[in-house]
Amino acid sequence: MVEITREDSATKGRYVARMPGYPDAGELTFSKAGTKTVIADHTGVPESLRGQGIALALVERLVADARAQDFKIVPSCPYIRAQLPRHPAWADVMQSS
């Protein structure tokens, strides 16, 4: 089971995925571009943990937070851009870069 937490500063933030035995199973970093926009710039998972849905879980948490907190996501991260065609339901919170 993946547990995801969010860490924020004034201008940046990140989502951290944790699993039993893996305190840093992955992360998604973002920069804040005002109060209503975040730029998702990197999603990373250690090679040994890839293929388990961790990166997707991180993005889904970001999307859920965007909906709940009414902000848009600029998908600068290559992983997120690659996933967009597979997840058209995310379109409501995505903004062109």
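Q: How far apart are the end C-alpha atoms of α1, and what should its 16 residues span?
A: In this predicted model, helix α1 covers residues 54–69. At 1.5 Å a residue, its 16 residues should span 22 Å. The distance between its end C-alpha atoms agrees with that expectation, at 22 Å.

Q: Which elements are included in what covers the buried residues of α1?
A: The buried residues of α1 are Ile 54, Ala 55, Leu 58, Val 59, Leu 62, Val 63, Asp 65 and Ala 66. Their cover includes strands and a helix, namely β1 (3–8), β2 (12–19), β3 (22–32), β4, β5 and α2 (78–83).

Q: Which element supplies the largest share of the largest nonpolar core?
A: The largest nonpolar core has 25 residues, and those with the most contacts inside it are Leu 28, Ile 54, Leu 62, Ile 73 and Ile 80. At least two residues of this core come from each of β2, β3, β4 and α1. The largest share, 7 residues, is that of α1.

Q: Which residues does Leu 62 touch, not counting residues up to four places away in sequence?
A: Leu 62 is one of the buried residues of α1. Leu 62 is also among the residues with the most contacts inside the largest nonpolar core. Not counting residues up to four places away in sequence, Leu 62 touches Tyr 15, Leu 28, Val 38, Ala 40, Phe 71, Ile 73 and Ile 80.

Q: Is Asp 70 buried or exposed?
A: Asp 70 lies in the loop between α1 and β5. Asp 70 is not a glycine, although its phi is positive, about 55°. The cut-off for exposed is over 50% relative accessible area. At 53% relative accessibility, Asp 70 therefore counts as exposed.

Q: With which side chain does the side chain of Thr 29 make a polar contact?
A: Thr 29 is placed in strand β3 and is buried, with a relative accessible area of 18%. Not counting residues up to four places away in sequence, Thr 29 touches Gly 13, Arg 14, Ile 39, Ala 40, Asp 41 and His 42. The polar contact, at 2.5 Å, is with the side chain of Asp 41.

Q: Which backbone oxygen does the side chain of Arg 67 reach?
A: Arg 67 lies in helix α1 and is partly exposed, with a relative accessible area of 41%. Its C-alpha atom is separated by 8.3 Å from that of Asp 92, 25 residues apart along the chain. Arg 67 touches Ala 89, Trp 90, Asp 92 and Val 93, not counting residues up to four places away in sequence. At 2.5 Å, its side chain reaches the backbone oxygen of Ala 89.

Q: Which residue in the turn between β2 and β3 has a positive phi?
A: Strands β2 and β3 run antiparallel and are joined by 7 bridges, one of which pairs Val 16 with Glu 27 of β3. The two strands form a hairpin with 2 residues between them. The turn residue with a positive phi, about 85°, is Gly 21.

Notes
Residues are numbered from 1 along each chain as its sequence is written. This is a predicted model: local features need pLDDT of at least 70, side-chain atom pairs count only at pLDDT 80 or more; totals for chains, interfaces and linings use all residues. Side-chain values use heavy atoms; hydrogens and water are left out. A crossover is right-handed if, with the strands pointing away from the viewer, the path from the first strand over the helix to the second runs clockwise. Helices (H or I, at least four residues) and strands (E, at least two) are DSSP runs, numbered from the N terminus. The expected span of a helix is 1.5 Å times one less than its number of residues. Buried means under 20% relative accessible area, exposed over 50%, partly exposed in between (1.4 Å probe, protein chains only). Contact means heavy atoms within 4.5 Å. A nonpolar core is a set of buried Ala, Val, Leu, Ile, Met, Phe, Trp, Tyr and Cys residues joined through side-chain atoms within 4.5 Å. A polar contact is a pair of N or O atoms within 3.5 Å; within protein, one must be able to donate a hydrogen and the other to accept it, and residues adjacent in sequence count only if both atoms are side-chain atoms. Two strands pair if DSSP finds at least two bridges between them.
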